[in-house]
Amino acid sequence: MSNFEIKKMNTAQFLNFALGFFGLQFAWQMRIILSGPVTESLGASPFIYGLIWLAGPFTGMVVQPIIGAMSDNTQSKFGRRRPYLLGGAILASLALWAFPNSASISGFFGNITGLNLPLWAGLLVAAIMIWIIDACVNVAQGPYRALIPDVVVPEQHSLANSYISLAIGLGSVVAAGTAPLLKYLFHYQMSIPAQFIMAALAFTLAMTWTCLTIKEKDSRKTQEEKAEESEKQNFWKDLKDFFLLSPEVAKICVMQFFTWIGMMCMMIFFTQFSIHTVFGVPDLTTATETIKNSFEATVVKGTNYSSICFAVFNLVCFLIAIPIGILSGKFGNKKVHAISLISMIFAYLGMAYFKTNPTAVMLLMALSGIGWASVCALPFAMLSKYIKAGTEGSVMGIFNIFIAGPQVFVCTLVSWLISKCVFDMANIGINYHWEYSFLIGAGCLLAATLSLATIKE
């Protein structure tokens with residue numbers, strides 16, 4: 001086994017370490033912003049859209065724990081984590097290209113087989129691509145988080161997570177802001193397929209750079225080491241040990257559960273909220289071609305507006321990610337995280353109230369970016385104090401269950417509730433109360449804040 005010593009990182013090294021997450025966030029951001037318009041154009045109702053979103057939580061709950069445990073046990077000269085980072089990025093990038101072309105792909109298969117495929121075939125292909133994207137991003141994401149204890153000294157774990165928050169914020173800003181910026185500066189509307197190709201290239205190239213430049217210990221072991229660790233490394237044992245680490249671990253998990261219900265109430269529905277509530281576009285899944293054509297420009301405007309709001313939201317995350325890491329080191333993770341969550345609660349309530357005011361909604365999205373920067377860093381920093389050496393991947397994978405699991409609630413019950421809250425729009429069709437997702441999200445973030453109060457640092 002090669003000699004490997006963990007040393008303190010400087011700013012340049014942290015920025016280089018976080019670059020892969022910058023690319024990973026491109027994939028997530030395109031998935032978040034544009035999956036709604038793509039699936040709605042293929043005929044997905046709010047409830048069907050929510051069911052398609054189940055790809056995220058199910059793959060997160062299944063893939064990350066398994067991949068995390070596998071990465072803990074992986075033996076290669078490239079280390080434990082890097083094979084998963086690069087493999088996940090490449091496979092996800094292929095699915096990112098295919099997703100917005102789902103209708104064409106289903107048509108192609110219909111032509112070569114001679115079958116007259118139904119209209120929903122394109123939606124089925126889109127759903128499959130979403131599942132592949134989410135699964136492969138999770139393959140990369142879990143081991144990436146687990147890489148922090150592998151290559152960063154313990155006293156810099158909070159700071160390392162803050163740099164990942166910075167990369168998440170910056171990656172999201174660039175991913176979300178590129179199309180609106182091109183439209184504003186050059187009057188060029190970037191197509192949805194082009195935006196997904198951009199995300200695929202960014203993900204693969206950034207993750208490749210990280211894998212080439214981050215040094216990781218050769219994980220190949222001698223026969224004696226294999227025999228010794230075979231008794232220790234077992235996923236179910238890791239799962240049991242995870243909940244026996246400390247009573248505080250269970251409290252952190254409860255906090256994460258409610259936090260991520262709140263987070264996904266915004267992330268899943270914000271683009272549809274922008275198009276249909278802020279800009280007043282009726283539901284177009286069953287609309288006539290005349291109505292669809294009359295609202296085509298407004299849909300593009302609403303989609304670009306959503307991208308700008310997500311860019312602002314993540315710009316705030318980017319700007320305060322490092323200050324949050326510094327403040328948490330001075331005042332404690334708990335206090336800083338509580339203030340951040342409360343700011344997001346007020347932002348959600350404001351968006352539900354000022355739902356038809358584009359300027360107010362954008363400013364409130366900026367305010368909620370404070371909470372996002374904290375959510376991306378501080379819960380992981382709290383948990384890292386309880387991770388046993390050699391189980392980093394398993395622990396991060398198990399912890400992800402409390403991020404992915406809450407999304408099932410949002411994808412099913414919240415989307416079902418929205419689909420039942422219908423109102424007529426004069427003679428142009430129906431619409432849904434998308435703003436209800438923010439009221440539910442605010443309540444869950446309040447529950448997360450109350451859970452946080454019980455955690456002892």
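Okay, let's start with His337 and what surrounds it. Leaving out neighbours within four places in sequence, His337 is in contact with Met255, Ser374, Val375, Leu378, Pro379, Met382 and Leu452, where contact means heavy atoms within 4.5 Å. His337 sits in helix α15, residues 333-353. Helices here are DSSP runs of H or I with at least four residues, strands are E runs of at least two, and both are numbered from the N terminus. Is His337 buried or exposed? His337 is buried, with a relative accessible area of 0%. Buried means under 20% relative accessible area, exposed means over 50%, and partly exposed is in between, with a 1.4 Å probe and protein chains only.

Before I go on, a word about the model. This is a predicted model, where local features need pLDDT of at least 70, side-chain atom pairs count only at pLDDT 80 or more, and totals for chains, interfaces and linings use all residues. Residues are numbered from 1 along each chain as its sequence is written, and side-chain values use heavy atoms, with hydrogens and water left out.

Now zoom out. The protein chain has 20 helices and two strands. Of its 457 residues, 58% are buried. Take the contacts in the chain with a separation of 6 or more: 83% of them come from residues 24 or more positions apart. The chain exposes about 19000 Å², and carbon and sulfur atoms supply 69% of that. Those accessible areas come from the Shrake-Rupley method with a 1.4 Å probe, and for residues only the protein chains shown count as cover.

Next, the inside. In soluble globular proteins, nonpolar side chains tend to be buried together. The largest nonpolar core here has 126 residues, and Met263, Met266, Phe270 and Trp372 touch the most other members. By nonpolar core I mean a set of buried Ala, Val, Leu, Ile, Met, Phe, Trp, Tyr and Cys residues joined through side-chain atoms within 4.5 Å. Look at Met263: neighbours within four places aside, Met263 is in contact with Phe313, Met344, Tyr348, Trp372 and Val375.

On to charges. Side chains of opposite charge can pair when their charged atoms come close. How many salt bridges does a search of the whole structure find? It finds six, counting a salt bridge as a side-chain nitrogen of Lys or Arg within 4 Å of a carboxyl oxygen of Asp or Glu. One of them joins Arg31 and Asp134, at 2.7 Å from N to O. Arg31 is in helix α1 (residues 11-41) and Asp134 is in helix α6 (residues 121-151), so this pair ties together parts that are 103 residues apart in sequence. Both ends are tucked away: Arg31 is buried at 1% relative accessibility, and Asp134 is buried at 0%.

Another salt bridge pairs Asp150 with Arg81, with the closest N and O atoms 2.7 Å apart. Asp150 lies in helix α6 and Arg81 in the loop between α3 (55-73) and α4 (82-98), so the pair ties together parts that are 69 residues apart in sequence. Asp150 and Arg81 are buried. There's a network here as well, with Arg80, Arg81 and Asp150 linked by salt bridges.

Now a pair within one helix. Glu289 and Lys292 meet in a salt bridge at 3.9 Å, N to O. They are three residues apart in helix α13 (residues 289-294), so about one helical turn separates them. Glu289 is exposed, at 53% relative accessible area, while Lys292 is partly exposed at 28%.

What about disulfides? The search of the whole structure finds zero, a disulfide being a pair of cysteine sulfur atoms within 2.5 Å.

Last stop, the surface. Leu181, Tyr184, Leu185, Phe186 and Tyr188 make a nonpolar patch of about 620 Å². Patches are made of residues with over 30% relative accessible area and no salt bridge, with like charges joined within 9 Å and nonpolar side chains (Val, Leu, Ile, Met, Phe, Trp, Tyr) within 5 Å. Leu181 is in helix α7, residues 157-186, and is partly exposed at 49%. His187 belongs to the loop between α7 and α8 (192-213). Phi of His187 is near 55 degrees, a positive value in a residue other than glycine, and His187 is exposed at 68% relative accessibility.
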